[in-house]
Amino acid sequence: MGEKYDFKSIEEKWRRRWEETGLYATSEDPGREKKYVLVMFPYPSGPAHIGHVANYNLGDVLARYLRRRGVNVLHPMGWDGFGLPAENAAIRSGVHPAEYTHGNIALLKEGLQRLGYSYDWGRELATNSPDYYRWTQWLFLRFFETGLAYKDEARANWCPSCRTVLANEQVINGRCERCDTLVIQKMLSQWFFRITAYAERLLADMDQLSGWPEGVLTMQRNWIGRSEGCEVVFRLGGAGREMPIFTTRPDTLWGVTFFLLAPEHPLADELTRGTPYEKDLEAFRERLRGVSDIERTAMETEKDGVFTGAYAVNPVNGEEVPIWAANFVLMEYGTGAVMAVPAHDQRDFEFARKYGLPIRVVIQPPGEALDPQTMTEAYVDPGTMVNSDYFDGSDSEKGKLELVPDYLEERGWGRRTVNYRLRDWLISRQRYWGVPIPIVYCDECGTVPVPDADLPVLLPEDVQFIFEGPSPLERSHEFRNTTCPSCGGAAVRETDTMDTFVDSSWYYIRYASPRDDTRPFDADAVRYWLPVDQYIGGIEHAIMHLLYSRFFTKVLKDLGLVGFDEPFTNLLCQGMVVMGGAKMSKSKGNIITPDQFFELYGADTLRLFILFLGPPEADKEWSESGIDGAHRFLNRVWRLVDRYLGILTFKTQPVPEDSEVPRRLSFLTHATIMKVTGDIERFAFNTAIAAIMEFTNGLYRAIEEAPDAFNTFEGHEAMRSLVLMLAPFAPFIAEELWEELGGEYSVHSQPWPEYDPDLASAERITMVVQINGKVRERIEVDAGISRDEMERVAMASTRIGDLLQGKDIVKVVTVPGKLVNIVVR
């Protein structure tokens with residue numbers, strides 16, 4: 001072997017060999033247990049970076065381990081190819097988004113291949129390929145046929161100067177990132193998926209997700225936001241027009257002293273149009289421009305609003321109350337209108353105090369009488385109903401759940417209902433680089449779906465990319481103008497493209513049969529591989545991607561296309577690699593690429609170093625200070641195997657009667673296998689590596705003490721086990737060392753080493769006995785021996801007894817598990 005660990009030649013050698021032999025190719029095998037291990041696929045924004053290494057290490061270690069446990073493992077890779085950055089690059093530099101994306105895919109793929117990840121590259125896919133997005137369009141049409149895809153009016157960010165729609169990330173502090181013009185909200189006709197139809201199932205089926213982090217489930221529950229309450233119908237004063245609101249506190253209806261609308265509510269325009277209040281509303285909306293919904297609804301945000309000049313009638317008491325527009329009311333929740341009960345809602349209380357609006361107490365706490373004039377905050381807890389007509393003296397909880405809902409329903413003023421914070425999924429994007437929506441518009445036939453046989457609707461390549469004006473698709477006459485599939489007359493295509501989350505909501509299913517050109521996926525392959533057994537990705541995807549994928553799966557189940565309800569059985573959310581506490585990103589300019597480390601240390605060192613940084617779920621502060629240590633460790637393993645081969649006689653020797661080194665080797669081997677196996681199965685990769693490092697140290701001590709012990713069965717087993725355990729973490733060096741040890745190709749196809757529980761726990765250690773610091777005896781004892789027992793055994797030794805004759809014992813110093821030193825005079 002030689003003492004030099006030449007990682008460059010080793011890594012190149014084995015990358016080529018693995019590719020030539022198709023080592024990681026996968027196919028269905030109904031007779032074997034399967035596991036589908038998937039890490040969220042990346043957006044190809046450039047070369048691989050350290051964040052990619054940290055993420056994809058995790059799936060690779062698990063996939064390699066499971067294969068060697070005899071499991072048939074699907075471990076694919078692909079590319080989330082559509083997205084705004086590619087289109088922005090085209091605007092800046094003139095590089096076509098397809099060229100930009102394909103170039104970045106090549107760079108990123110090269111980096112992942114250099115890292116030795118065990119992907120089945122034969123299943124590689126890219127969502128921007130017509131072979132893929134043809135089936136995204138096909139799925140859209142199934143949603144459309146069942147009423148789950150529909151078109152409606154929705155707000156969009158609009159730059160008046162550039163005359164274009166902006167994505168949220170293009171709006172900086174309320175202004176266009178390109179020209180710094182204030183962005184306005186413009187109503188546009190856009191496409192939606194009716195995810196709200198699945199809100200209850202998305203909640204209920206979380207009971208199936210015992211393998212998910214509770215934090216992710218909580219985030220999804222909060223996002224769906226199920227609330228039980230009543231829809232209550234207020235009326236517009238004078239006009240009699242119904243204005244329904246949703247409330248979880250019908251017991252407080254008699255405390256309503258004003259009525260609130262979202263500033264964007266169309267009714268606000270109707271009420272103020274042509275009145276002195278119209279300019280106030282416009283100015284109010286101007287103040288809110290650029291303020292996020294999160295900021296608007298935060299408890300600490302100052303309450304702001306304007307009076308509309310109109311009044312609403314409360315059904316339970318006939319009172320007219322003023323209608324205001326308020327910053328903390330959103331169109332996206334309920335009906336965009338709320339009743340205001342300032343005595344019993346904190347935000348309403350602050351609003352009322354600011355604008356001098358009346359406060360009426362209708363719930364009194366036990367043993368206390370609230371005075372609206374002296375209240376410093378709203379009272380939101382249960383109590384006794386007061387100032388509430390028939391219900392005075394009633395328990396407020398009973399009033400909320402039974403008495404008042406019954407009263408409203410009996411009189412036709414309201415009804416029990418369930419409300420969700422979740423809104424339907426707006427999938428329209430006024431962009432080029434996305435999946436074209438397969439719809440045409442005909443003056444005679446209306447909205448017409450593109451026939452399946454005409455898919456895919458291809459993106460045109462000869463388009464102009466400029467920041468101003470409509471999207472490239474809208475400006476492309478060749479794309480826009482078409483014929484109606486129904487009547488053959490003139491028609492125009494839909495020029496919106498789909499949200500890229502649509503592409504990623506089903507890619508994990510396509511991996512089962514990515515080359516099938518007759519259907520989105522092969523049912524038999526999906527039945528074998530799906531659902532995904534272990535999904536790995538960042539917690540930043542807890543709501544959008546993961547929720548949308550769950551929605552897609554349920555729709556596909558209802559369509560009879562798949563047989564499972566949930567896409568991902570187990571979920572691991574890995575932490576981020578951060579620098580100075582900030583996430584690595586291109587926009588922050590703190591991206592670290594692995595290329596320099598490939599040249600200085602090799603891929604195995606980088607993999608090992610990052611895995612060793614800490615638990616997968618924890619954020620990891622990037623520092624290069626430890627990478628030398630990882631490289632030194634691999635060099636130590638290399639030199640250890642080289643030394644072992646140098647003393648190997650290829651003839652197994654019996655264990656000498658007076659040597660306990662082989663027995664110690666056996667314990668170290670089996671204890672380490674037990675530790676590493678358990679750590680891998682619970683994703684404690686850093687402690688698994690630490691155990692392998694300690695094992696290596698133990699082997700070094702043993703080979704220094706008794707080289708011949710390595711010509712025993714125990715010695716051979718120890719060295720082979722070291723390489724076999726190292727393989728999932730450092731696949732290149734392990735493959736080379738396995739070949740040097742005479743192992744059959746490939747180390748990654750060898751069974752995972754098994755441990756004997758008895759050998760892993762029944763260690764015998766050598767206890768040293770000293771007299772005045774000089775070694776006088778070595779005695780084999782049980783590893784768990786107590787301090788007192790060590791001293792008793794030392795004193796019972798015949799040799800030690802002879803040496804102590806005629807001497808006074810001053811003291812006995814005992815180091816548990818190591819030595820007893822008897823100080824005499």
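This is a predicted model: local features need pLDDT of at least 70, side-chain atom pairs count only at pLDDT 80 or more; totals for chains, interfaces and linings use all residues.
Residues are numbered from 1 along each chain as its sequence is written, and side-chain values use heavy atoms, with hydrogens and water left out.

Let's begin with the whole thing. The C-alpha atoms of the chain fill a box of roughly 115 × 75 × 50 Å, taken along the principal axes. The secondary structure comes to 28 helices and 34 strands; both are DSSP runs numbered from the N terminus, with at least four residues (H or I) for a helix and at least two (E) for a strand. Of the chain's 825 residues, 55% count as buried, where buried means under 20% relative accessible area, exposed means over 50% and partly exposed is in between, using a 1.4 Å probe and protein chains only. Now take contacts, meaning heavy atoms within 4.5 Å. Among contacts between residues at least 6 apart in sequence, 71% join residues at least 24 apart.

Next, look for a hairpin. Strand 21 (residues 439-442) and strand 22 (residues 446-449) run antiparallel and are joined by four bridges. Two strands pair if DSSP finds at least two bridges between them. Three residues sit between these two strands in the hairpin.

Strand 28 (residues 577-579) pairs with strand 30 in the parallel sense over two bridges, and Val 578 stands opposite Glu 621 in strand 30. As a handy rule, in a regular strand the side chains alternate between the two faces of the sheet.

Time for some rings. A search of the whole structure finds 57 aromatic pairs; rings of Phe, Tyr and Trp (its six-membered ring) pair if their centres lie within 6.5 Å, with planes under 30 degrees apart counting as stacked, over 60 as edge-to-face and the rest as tilted. One of these pairs, Tyr 132 with Trp 506, is stacked, at 4.6 Å centre to centre and 20° between the planes. Tyr 132 lies in helix 5 (residues 130-145) and Trp 506 in the loop between helix 15 (500-503) and helix 16 (507-510), so the pair ties together parts that are 374 residues apart in sequence. Tyr 132 is buried, with a relative accessible area of 2%, and Trp 506 is buried too, at 0%. Elsewhere in the ring search, one aromatic cluster includes Phe 140, Trp 191, Tyr 198, Trp 425 and Phe 551.

The structure holds two cavities of 30 Å³ or more. On a 1 Å grid over the protein atoms alone, a cavity is a set of points where a 1.4 Å probe fits but cannot get out, and lining residues have an atom within 4 Å of a point. Grid points are joined across faces, edges and corners, and a volume is the space filled by probe spheres set on the points.

About 120 Å³ of space lies in the largest cavity. It is lined by 16 residues, and the closest to its centre are Glu 87, Ile 91, Arg 431, Ile 466 and Phe 467. Helix 3 gives the largest share of this lining, four residues.

The second largest cavity has a volume of about 80 Å³. Of its 13 lining residues, Ala 54, Leu 58, Ile 610, Pro 616 and Lys 620 lie nearest its centre. Here the largest share, three residues, comes from helix 2.

Note on methods
On a 1 Å grid over the protein atoms alone, a cavity is a set of points where a 1.4 Å probe fits but cannot get out, and a pocket is an open set with protein on both sides within 12 Å along at least five of seven lines; lining residues have an atom within 4 Å of a point.
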